[in-house]
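User: I've got this model open on my screen and I'd like to walk through a few parts of it with you. Can you take my questions one at a time?

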Amino acid sequence: MGFIRDSIHGDLELTPYELRILDTKEMQRLRRIKQLGFTNLIYPGANHTRFEHSIGTMYLAGKLGNNLKLNEDTIELLRTTALLHDIGHAPFSHVSERVLKTKHEEISKQIIKNSTITDIIKEKFTTKEIIKTLSGQTSYGQIISGELDVDRMDYLKRDSHYTGVAYGVIDIERLMYTLELTDNNLTLKPKGVQAAESTLLARYFMYPSVYQHHTTRIVNSMFRVCLKTLLEENIIKEKELTYFDEVELIHTAQQTPGTPQQIINDIQDRKLYKKAKTLNISELENPEKTLNTPQSEIEKIQIEIAEKMKIKPKEIILDLPEVPTLKEMSINVTTKQELQPLSKISNIVNTLRQTQYNNTELALYTSKQNKEKIQNKIELTDYFQ
């Protein structure tokens, strides 16, 4: 047995089998992948990594498995899957993912099936068992990937702790105690409704405060231009990002003259683009349609604006916001009469549903020099209705 001291959950016990997985190069790479990407430019303490989040998620998966009185083999399967759930993340995690063709979940499955970690997994489980659990395709898989999963519990508490933003504080103990398996589905006891509501509120407020903070969005948008250029110019290939860490990717950008070098240096020196124009999504006739505008269409609009303003296309960034899906709304609550979705029981949930676009802005970013020129001549309503 081994112990790891976690800043959120305290002393965590790992089996020799889990320690061997932890010591693989695939897992160790996660030490060099920050959980919140460039958010430390806004919240200096946000330097926690996917590595510690994976260990925390493993601990919560085991704890919930014990609370649900699952057998030892199933709990071990849950802990293993939780440990591996983020193994496919590219450097800067979700920031990079919007540029890439393959989602991190698919990369995780590939690593589980074909890497140095595969032989260790096969000592106890099949890779198919791990992948099905990772995808939430089994009743206990919902513990890892579901409406109220341990992944979300850990990252909300961890992100709140390291950013110093109190909105993400949630009552994990209460959630753990009030979740149960009903007809092979993870459900919530009535006494857990308030804990679920607080989790929803935590995510709702963490988005504008941390995940979609206006400066975070600017930095992330700039970096995506940098990464997209590296990929387009074949400086790096998408498959290589499975093995890259953030230091390697930054170094590659710094050694690539032109857009990558300029942008990564500006980010590191905090010479950031400015917000030139915004458009509140709630003012549009069909907010959801706008949020699902294809990236190819966004790029066409960027080029059109750049040509109109006689600015290089890469000096204009049109950024669609990310809106939390709030899947917790659909978890079933075990009332005396029947199973009912949380959204039918909770007035708070219904209010969140009605107001989810209120603080959501489509934004146009550019350099400080171009900001005034654009502000007076561009209206985003000309491109979005």
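This is a predicted model: local features need pLDDT of at least 70, side-chain atom pairs count only at pLDDT 80 or more; totals for chains, interfaces and linings use all residues.

User: Let's start with the open sheet of three strands. In which order do they come?

Analyst: Strand 5 and strand 9 pair in the antiparallel sense over six bridges. Strand 6 and strand 9 pair in the antiparallel sense too, over four bridges. The edge strands, each pairing on one side only, are strand 5 (274–280) and strand 6. That puts the order at 5-9-6.

User: How are neighbouring strands of this sheet turned against each other on average?

Analyst: This is the open sheet with antiparallel pairing. Ignoring direction, its neighbouring strands are turned on average by 15°.

User: Which residue stands opposite Lys274?

Analyst: Look across to strand 9, which pairs with strand 5 over six bridges. The residue of strand 9 standing opposite Lys274 is Thr366.

User: And what is the bridge partner of Asp319?

Analyst: Asp319 is one of the buried residues of strand 6 (residues 316–319). Strand 6 pairs with strand 9 (residues 361–366). In strand 9, the bridge partner of Asp319 is Ala363.

User: Are the faces of strand 6 covered or uncovered?

Analyst: Take one side first: Ile316 and Leu318 are buried there.

User: Now Glu76 in helix 4. Does it count as buried or exposed?

Analyst: Glu76 sits in helix 4 (residues 72–84). Beyond its neighbours within four places in sequence, Glu76 contacts Tyr17, Lys124 and Phe125. The cut-off for buried is under 20% relative accessible area. Glu76 has 19% relative accessibility, so the residue counts as buried.

User: What about Leu179, buried or exposed?

Analyst: Leu179 belongs to strand 3 (residues 179–182). Leaving out neighbours within four places in sequence, its contacts include Leu64, Leu68, Leu148, Met153 and Ile331. Because its relative accessible area is 3%, Leu179 is buried.

User: How far apart in space are Leu179 and Lys191?

Analyst: In sequence, Leu179 and Lys191 are twelve residues apart. In space, going C-alpha to C-alpha, the distance is 9.7 Å.

User: On to the second largest pocket. Which helix gives the largest share of its lining?

Analyst: The second largest pocket has a volume of about 570 Å³. Of the 25 residues lining this pocket, the closest to its centre are Ile107, Ile111, Lys239, Thr242 and Tyr243. Helix 2 (25–28), helix 5 (93–97) and helix 6 (104–113) each supply at least two lining residues. The largest share, four residues, comes from helix 6.

User: How many residues of that lining are charged?

Analyst: The lining of the second largest pocket includes seven nonpolar and ten polar residues. The charged ones number eight.

User: Last one: which residue in strand 2 is the bridge partner of Arg5?

Analyst: A hairpin joins strand 1 to strand 2 through three residues. Strand 1 (residues 2–6) and strand 2 (residues 10–14) pair in the antiparallel sense over five bridges. In strand 2, the bridge partner of Arg5 is Asp11.

Conventions. Residues are numbered from 1 along each chain as its sequence is written. Side-chain values use heavy atoms; hydrogens and water are left out. Buried means under 20% relative accessible area, exposed over 50%, partly exposed in between (1.4 Å probe, protein chains only). Two strands pair if DSSP finds at least two bridges between them. Axes are lines fitted to C-alpha atoms, for helices over the stretch in contact, and angles run from 0 to 180 degrees between N-to-C directions. Contact means heavy atoms within 4.5 Å. On a 1 Å grid over the protein atoms alone, a cavity is a set of points where a 1.4 Å probe fits but cannot get out, and a pocket is an open set with protein on both sides within 12 Å along at least five of seven lines; lining residues have an atom within 4 Å of a point. Grid points are joined across faces, edges and corners, and a volume is the space filled by probe spheres set on the points. Ala, Val, Leu, Ile, Met, Phe, Trp, Tyr, Cys and Pro count as nonpolar, Asp, Glu, Lys and Arg as charged, and the others, Gly among them, as polar.
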